[in-house]
Amino acid sequence: MPALPDTIDDPKVQELMSHFFATSNHDSDHEGFAAMFTTDGEYSMNDRKAKGRQEIIDMRRGLWSHIPTRDHTPHQIYTHGTDQLQLMSRGHIKYKHHKGHETDTEWATYYELEKDENGVPKFQKIHIIIVSVVL
């Protein structure tokens, strides 16, 4: 993960983003991935959308069933808005498919965070835009 900008100085937000990117390249913990969201959080990728933790788990399982290996490389993360609860990032992803071929593309993501009653940030919304590749 690239260095976070100075505008993201909350250690809890830094930890959430680090955990998100570490988890994004592994399919072993769909429930843990969904736990980073509020109970009614939204996770979308282009025109696919999941709302709530169970739908996020189901969508993530479906995504991993089609592409078993992926490597997200974020190039830039920055704040969007007046605080560090709205973030954006852009990067590159490499996919390795079941048949062994590889594809890659660029992506951009918008994140909305909310803090729970204990001040722990969770994702309220993540929207990922991926340039289409032939899968």
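This is a predicted model: local features need pLDDT of at least 70, side-chain atom pairs count only at pLDDT 80 or more; totals for chains, interfaces and linings use all residues.
Good morning. I shall begin with Arg-70, which lies over the face of Trp-64, at 4.2 Å from the ring centre.

Six strands make up an open sheet with mixed pairing, and their order is S2-S1-S6-S5-S4-S3. S2 and S3 are the edge strands, each of them pairing on one side only. From one strand to the next, the twist averages 20°.

I shall go through the antiparallel pairs in turn. S1 and strand S2, residues 48-51, run antiparallel and are joined by four bridges. Within this part of the sheet, Glu-42 stands opposite Lys-51 in S2. The hairpin of S1 and S2 has two residues between the strands, and Asn-46 takes a positive phi there, near 50°.

Strand S3, residues 69-79, pairs with S4 in the antiparallel sense, and ten bridges connect them. Asp-71 has Lys-94 in S4 opposite. Six residues lie between the strands in the hairpin of S3 and S4, where Gly-81 adopts a positive phi near 105°.

S4 also pairs with S5, again in the antiparallel sense, over eleven bridges. Two facing positions may be named here. Leu-87 stands opposite Tyr-111 in S5, and the bridge partner of Gln-86 is Glu-112, likewise in S5. The hairpin formed by S4 and S5 has five residues between the strands, and Gly-100 in the turn shows a positive phi of about 100°.

Which helices pack against these strands? H1 packs on the sheet and touches S3, S4, S5 and S6, with its direction at about 45° to that of S6. H3 lies across S1, S2, S3 and S6, and runs at about 35° to S1.

This brings me to the interior. As a general point, nonpolar side chains in soluble globular proteins tend to be buried together. In the present model, the largest nonpolar core has 30 residues. The residues with the most contacts inside this core are Met-17, Phe-20, Tyr-43, Tyr-111, Phe-123 and Ile-126. At least two core residues come from each of the following: helix H1 (11-24), helix H2 (30-34), strand S1 (37-45), helix H3 (53-66), strand S4 (86-96), S5 and S6. H1 gives the largest share, five residues.

Leaving aside residues up to four places away in sequence, Tyr-43 touches Phe-33, Phe-37, Arg-48, Lys-49, Ala-50, Ile-56, Met-59, Leu-63, Ile-126 and Ile-128. Tyr-43 also belongs to one aromatic cluster, together with Phe-20, Phe-21, Phe-33, Phe-37, Trp-107, Tyr-111 and Phe-123.

How many aromatic pairs does the whole structure contain? A search finds ten. One of them is formed by Tyr-111 and Phe-123, a tilted pair with 5.9 Å centre to centre and 35° between the planes. Tyr-111 lies in strand S5 (residues 102-115) and Phe-123 in strand S6 (residues 121-130), so the pair ties together parts that are twelve residues apart in sequence. Both Tyr-111 and Phe-123 are buried.

Thr-23 lies in helix H1. Is Thr-23 buried or exposed? Its relative accessibility is 10%, so Thr-23 counts as buried.

Thank you for your attention.

Definitions and conventions:
Residues are numbered from 1 along each chain as its sequence is written. Side-chain values use heavy atoms; hydrogens and water are left out. Rings of Phe, Tyr and Trp (its six-membered ring) pair if their centres lie within 6.5 Å; planes under 30 degrees apart count as stacked, over 60 as edge-to-face and the rest as tilted. Buried means under 20% relative accessible area, exposed over 50%, partly exposed in between (1.4 Å probe, protein chains only). A charge sits over a ring if NZ of Lys or CZ of Arg is within 6 Å of the ring centre and within 35 degrees of the ring normal. A nonpolar core is a set of buried Ala, Val, Leu, Ile, Met, Phe, Trp, Tyr and Cys residues joined through side-chain atoms within 4.5 Å. Contact means heavy atoms within 4.5 Å. Two strands pair if DSSP finds at least two bridges between them. Axes are lines fitted to C-alpha atoms, for helices over the stretch in contact, and angles run from 0 to 180 degrees between N-to-C directions.
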